[in-house]
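Have a look at the model first, then read the points in order.

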Amino acid sequence: MSESSILWEEAVQPGASWSHVLKRGTALRITDVEGGANAGAIFYNFECPTERYNMPGHPQAQHIGAPD
């Protein structure tokens with residue numbers, strides 16, 4: 001993704017929540033700029049809120065082993 005294609009950029013503080021409506025075909029990139037963090041996310045279909053995708057923020061919930 002080129003810098004010229006960025007439509008929105010925002011820093012979210014630890015423990016804070018964030019919400020935004022994305023248009024179809026738009027990509028969302030979440031970047032940990034300091035390292036060592038994770039993000040819990042739930043995505044809703046704006047037109048049908050009962051349709052959703054839940055992405056747990058804890059690596060164990062994602063069935064990914066934590067680094068030793």
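1. A contact here means heavy atoms within 4.5 Å. With that in hand: of the contacts in the chain between residues at least 6 apart in sequence, 9% join residues at least 24 apart.

2. Before going further, some housekeeping. This is a predicted model, where local features need pLDDT of at least 70 and side-chain atom pairs count only at pLDDT 80 or more, while totals for chains, interfaces and linings use all residues. Residues are numbered from 1 along each chain as its sequence is written, and side-chain values use heavy atoms, with hydrogens and water left out.

3. β1 covers residues 41–45 and pairs with β2 in the antiparallel sense, over five bridges; strands count as paired if DSSP finds at least two bridges between them. A hairpin of two residues joins β1 to β2. Going through the bridges, A41 has M55 as its partner in β2, and N45 has C48.

4. How much of the chain is buried? Buried residues make up 3% of the 68 residues. The cut-offs, with a 1.4 Å probe and protein chains only, are under 20% relative accessible area for buried, over 50% for exposed, and partly exposed in between. β2 itself is hardly covered: among its eight residues, the count of buried ones is zero.

5. Take E51 as an example from β2, the strand of residues 48–55. E51 counts as partly exposed because its relative accessibility is 48%. Leaving aside residues up to four places away in sequence, E51 touches F43, Y44 and N45.

6. A search of the whole structure turns up one aromatic pair. The pair is F43 with Y53, and it is stacked, at 6.2 Å centre to centre and 25° between the planes. (Rings of Phe, Tyr and Trp, the last by its six-membered ring, pair if their centres lie within 6.5 Å; planes under 30 degrees apart are stacked, over 60 edge-to-face, the rest tilted.) F43 sits in β1 and Y53 in β2, ten residues apart, so the pair links distant parts of the chain. F43 is partly exposed, since its relative accessibility is 34%.

7. Finally, the segment before β1. I30 is found there and is exposed, because its relative accessible area is 55%.

Definitions and conventions: Helix = DSSP H or I, 4+ residues; strand = E, 2+ residues; numbered from the N terminus.
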